[in-house]
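Hi everyone, thanks for making time this morning. Let me put the structure up on the screen, and then I'll walk you through a few parts of it.

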Amino acid sequence: MAVNFSELAVEGVRSLRPYQPGKPIDELARELGLNESDIVKLASNENPMGPSPKALEAIKAELADLTRYPDGAGFVVKKTLSEKLSICPEQITLGNGSSDILDFIVRVFVNDGDNVVFSQHAFAIYGLVAKMVGAESIVTPAKDFGHDLDAMAADINDRTRIVFVTNPNNPTGTWNTRDELLNFLNKVPEHVIVLLDEAYFEYVHEADYPDGISLLNDYPNLVVTRTFSKAYGLASLRVGYGVSSPELADLMNRVRPPFNVDSFALAAANATLLDEEYVKESIALNDAGMAYLTSAFNDMGLSYIPSVGNFISFKVPAGVNAMDVYNGLLREGVIVRPVANYEMPEYLRVSIGTEAENQTFISALKTVLS
Ligand SMILES: *Cc1c(COP(=O)(O)O)cnc(C)c1O
């Protein structure tokens with residue numbers, strides 16, 4: 001009799017629905033019979049500027065060593081990061097993308113039957129990594145699409161091991177102030193880990209937006225994650241990091257696969273960290289694109305959730321189906337992101353692109369809605 005392997009899979013995996021990524025450019029090009037250069041992808045919050053030229057040079061310099069394993073300790077990039085962030089290298093955990101760190105922290109602290117807390121509309125990976133280890137997810141209702149940190153603290157119970165806070169959050173673009181965050185951290189029991197996901201840290205200009213790394217000395221239960229996938233323009237290379245106390249970093253490094261970040265990613269990340277001009281330009285391009293898109297939405301009478309990230313979620317007009325708009329945009333060669341799986345069925349998320357990409361998107365949106 002044939003074995004039913006699905007029945008043998010562990011419970012968390014059997015009920016897991018995989019993360020839904022943005023539609024790849026080459027897939028849509030094949031479907032429409034178009035060239036890849038005719039497609040505008042604004043679906044995964046990638047940096048539209050292309051990589052830093054310094055990153056490309058650093059990658060070329062690594063090519064000759066392709067046969068060697070990378071530096072599993074990531075010595076060089078940890079040194080640069082620690083100088084830039086005024087921390088010790090022992091506080092850093094390198095990840096194959098910052099999503100890796102979410103997986104590590106769960107594997108270090110969460111047992112079968114424990115739970116994790118995160119907000120409604122929060123980034124989808126938290127629920128996935130928790131489910132994989134048999135944990136329950138407690139999803140705290142959002143307030144105006146943002147994190148209700150008081151309610152999240154109140155949802156912590158004696159089986160809670162981790163609370164995930166996304167600041168700013170994806171796909172809503174909402175954020176919490178320093179006072180809100182401090183008030184929350186003071187309420188969380190000392191033994192419960194707070195994973196503060198700052199994937200979009202570099203884009204935020206608000207004066208009372210908190211820098212999580214500056215709070216680490218006061219809150220030993222805090223882990224801050226950041227990534228090279230967004231403002232640093234290296235999404236394909238998969239590199240991000242966690243910053244925490246050396247004790248928590250040591251625990252996470254025990255579950256980290258030994259060579260989880262390859263030598264090209266390490267070299268490119270280090271080179272981009274040193275290329276401050278590139279990051280500054282990326283942020284300026286994002287600011288201009290955000291201003292353009294919000295003003296176009298205003299002109300079109302579309303409502304949107306004000307965002308401090310490199311993306312914005314807008315609401316389709318009443319009586320219009322968001323998936324129809326999404327599919328209409330695909331036919332125009334523009335890929336955005338449906339967010340129905342984030343309990344936002346009337347919204348679509350669009351990443352900020354180059355000036356030309358943003359214009360193409362707005363004119364395609366006008367065509368689709370007309
Ligand atoms: C994009 C994103 C990340 C980063 O993912 P990587 O694995 O570093 O590419 C993390 N958290 C949120 C909320 C994100 O939107």
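Let's begin with strands β6 (residues 193–197) and β7 (residues 222–227), which run parallel and are joined by four bridges. Within that pair, Asp 197 stands opposite Thr 225 of β7. A word on the ground rules: this is a predicted model, where local features need pLDDT of at least 70, side-chain atom pairs count only at pLDDT 80 or more, and totals for chains, interfaces and linings use all residues. Residues are numbered from 1 along each chain as its sequence is written, and side-chain values use heavy atoms, with hydrogens and water left out.

Strands here are DSSP runs of E with at least two residues, helices are runs of H or I with at least four, and both are numbered from the N terminus. Two strands pair if DSSP finds at least two bridges between them.

β6 and β7 belong to an open sheet of seven strands, ordered β2-β8-β7-β6-β5-β3-β4, with mixed pairing. At its edges stand β2 (92–95) and β4 (136–140); each has a single partner strand, so one side of each is left without a neighbour in the sheet.

There is also an open sheet of four strands, β9-β10-β13-β12, and its pairing is antiparallel. Here the edge strands are β9 (304–305) and β12 (337–338), each pairing on one side only. Two bridges join β12 to β13 (residues 347–351), and Pro 338 has Leu 348 in β13 as its bridge partner.

Which residues are closest to it? Of the 13 residues that surround the ligand, the closest are Ser 99, Tyr 200, Thr 227, Ser 229 and Lys 230; to count, a residue needs a heavy atom within 4 Å. An N or O atom in the side chain of Ser 99 is 2.5 Å from a ligand oxygen, and the side chain of Tyr 200 also has an N or O atom 2.5 Å from an oxygen of the ligand.

Last stop: Ser 52, in the loop between β1 (40–41) and α4 (53–62). Is Ser 52 buried or exposed? Ser 52 is buried, with a relative accessible area of 0%; buried means under 20%, with a 1.4 Å probe and protein chains only. Its side chain makes a polar contact with that of Asp 275 at 2.6 Å. For a polar contact, we need a pair of N or O atoms within 3.5 Å; within protein, one must be able to donate a hydrogen and the other to accept it, and residues adjacent in sequence count only if both atoms are side-chain atoms.

Notes: Buried < 20%, exposed > 50% of the residue type's maximum accessible area, 1.4 Å probe, protein only.
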